[in-house]
Every structure is written in C-alpha cells, then in structure tokens.
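Please look through the sequence and the model shown here before reading on. The paragraphs after it start with one residue and then widen to the whole chain.

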Amino acid sequence: MRPPIIGITVHVAEVAAKEGHSEWRFQVAARYAEAVSEAGGVPLLVPTHAAACRSPKDLLGAVDGLLLSGGGSIPGQYFLDHPNPSLRDTNPERYDLETELVRLAWPENVPLLGICRGHQTIAEALGGTIVPDLRRAGARNHYQTEPPTTATHQVELVRGSALAGWLGGAATVNSFHRQVVDRPPPGWRATAVSDDGWVEAIEAEDGFGLGVQFHPEWLTDRHPGFRRVFEEFVAAATRRRVSRP
C-alpha cells in the first residue's frame, strides 16, 4: 500500500515580474513538505488560485490529508494602514479557496492540520473567530525577528489534549503572527495558550483536526513532540486512506 498523500496549500500573490508584466506566483516553505516526508507521507502542493486548479472537490479526492500552510510575507505596515483587517483581506484568492476546501473536507473526515495562517483559516471556515490585529488589541509583539528554528516564548498545554500528550504540560515555540484565534469553531476547543493569554492551538473533539499558531515544522529537532504532530497527522491520513472505498 502506498503512503498517504498530504495536500499542502501554497501561498498565492500577484507580483511584478522583472520583465515588467504582473503574474500570479505560488510560494511555500519547503520545510512543510520535508516534515510530511519525514513522517511518512507524500507531499502534494495544492495551488490556491481558482484559475490554476481543479475544483475543491476534485482536489480533495486526490489527497488523504490536508495541511493548510502559513501565510506569505505580509508587511507589518499593512496592519497599521488597514484598521482591523480580516483574514480574507490579506489574501482573498487564497482565503476563498482554502475556506471552501476546509468546509468540504471536515464533514468527509479528511484529517486537517493548520499552521499559523492555516490554523486561523480552519477556525474561521468552521465558524470560529479571530482577533484581526494583536497590536490593536494591546498585545505584545508576536512576530519574532529570530530564525524560525529559534523558540521565543512558552505555551501552556491543556491537560488531556493531544498536544499535551506529545509535548507535555508546556512547550517553547516560535512566533510569526499578527492575528490570532479568538473563539474556536463549534466542536473544537483551545488546547494551548501563550504565556500572555492568547490561543496558540485548537483541536477537534472528534477526528483528526489540529491548528497551531506556531510553526512545528521548524522545531522538530528541538523536541520529539513536534515530530509527533506530523507523525500523528500522517497516521490519521493513512487510516483514512485504508477506510476509503
């Protein structure tokens, strides 16, 4: 039996090419695919531009699990120039396709893993809410300047959660975000909180559904629990593959 195929969504942006024309381009850190491969899955990059892909239903038919990646580079000034920006505001093309993918995937028991922006997208797509700008909410800066392999703040993990089982009662994580989940969607619960009180992870009460605000793909060498995130995700995708007709 072949290993499970894990769809990884990629960031999309319209950019000016050096030749002078504008074009849509995809971008995603290779580390997502590396983490999936190391866990035993086959990574498959999923475009998030409607004109460049098949329907969300067709896309889901090709994968056994879905990983929603983090966002592309959004200048911090954007959040100062746009009062209370929604998650969709920062990339409408990507947001619309990803939310449709999530809303189709979850009722079909497709394992979901959301990282950073992907974590926030899952929450919103399924009925949760986010804080649109942490700085306007009076929070400290959560966008570190250190490399992603450097952990910069602690999170407390809810006893009995999957993350607590993999990482223990607390963990030190990296941080690259200006928005955050406020209220988890129905059927999900917050399972990690930052040391200044913001939601850092959500988990589904049934099935495999996990969203994390930090980037575990860069922390797998620091703690075996971060590798477990991807191993358990790939294992859930394997079970789904076996159960599919």
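Where is the place of C116? C116 sits in the loop between β6 and α5. Helices (H or I, at least four residues) and strands (E, at least two) are DSSP runs, numbered from the N terminus. Before going further, note that this is a predicted model, in which local features need pLDDT of at least 70 and side-chain atom pairs count only at pLDDT 80 or more, while totals for chains, interfaces and linings use all residues. Residues are numbered from 1 along each chain as its sequence is written, and side-chain values use heavy atoms, with hydrogens and water left out.

Most residues other than glycine have a negative phi. C116 is not a glycine, yet its phi is positive, near 55°. With a relative accessible area of 7%, C116 is buried. Here buried means under 20% relative accessible area, exposed means over 50%, and partly exposed lies in between (1.4 Å probe, protein chains only). N109 also has a positive phi, of about 65°, although it is not a glycine. N109 belongs to the loop between α4 and β6 (112-115). At 59% relative accessibility, N109 counts as exposed.

After α5 comes G127, with a positive phi near 110°.

Which residues does Q213 contact, leaving aside its neighbours within four places in sequence? They are C116, H119, Q120, H177, Q179, V180, V181, V199 and E200, where contact means heavy atoms within 4.5 Å. Q213 itself is found in the loop between β13 (209-212) and α7 (224-243). Its relative accessible area is 0%, and Q213 is buried. Q213 and S175 are 38 residues apart along the chain, and their C-alpha atoms are separated by 7.5 Å.

V193 gives another case of residues that are separated in sequence but brought together in space. The residues V193 and V155 are 38 apart in sequence, and the distance from C-alpha to C-alpha is 5.3 Å. V193 lies in strand β11 (residues 188-194). It is partly exposed, with a relative accessible area of 30%. Not counting residues up to four places away in sequence, V193 touches Q154, V155, E156, W198 and E200. E200 is also in the contact list of Q213.

On a 1 Å grid over the protein atoms alone, a cavity is a set of points where a 1.4 Å probe fits but cannot get out, and a pocket is an open set with protein on both sides within 12 Å along at least five of seven lines; lining residues have an atom within 4 Å of a point. Grid points are joined across faces, edges and corners, and a volume is the space filled by probe spheres set on the points. How many cavities of 30 Å³ or more does the structure hold? It holds 1. The largest cavity contains about 40 Å³ of space. Its lining consists of D133, L134, R135, R140, N141, H142, H177 and R178. By class, that lining has 1 nonpolar, 3 polar and 4 charged residues. Ala, Val, Leu, Ile, Met, Phe, Trp, Tyr, Cys and Pro count as nonpolar, Asp, Glu, Lys and Arg as charged, and the others, Gly among them, as polar. H177 is also one of the contacts of Q213.

The second largest pocket holds about 170 Å³ of space. K57, L60, G61, L104, A105, E108, V110, R240 and R244 line this pocket.

Finally, consider the chain as a whole. Its secondary structure comes to 7 helices and 13 strands. The radius of gyration is 17 Å, close to the 18 Å that the globule rule gives for 245 residues, so the chain is as compact as a globular protein of that length. This radius is taken over C-alpha atoms, and the globule rule is 2.2 Å times the number of residues to the power 0.38. Of the 245 residues, 50% count as buried. Among contacts between residues at least 6 apart in sequence, 69% join residues at least 24 apart.
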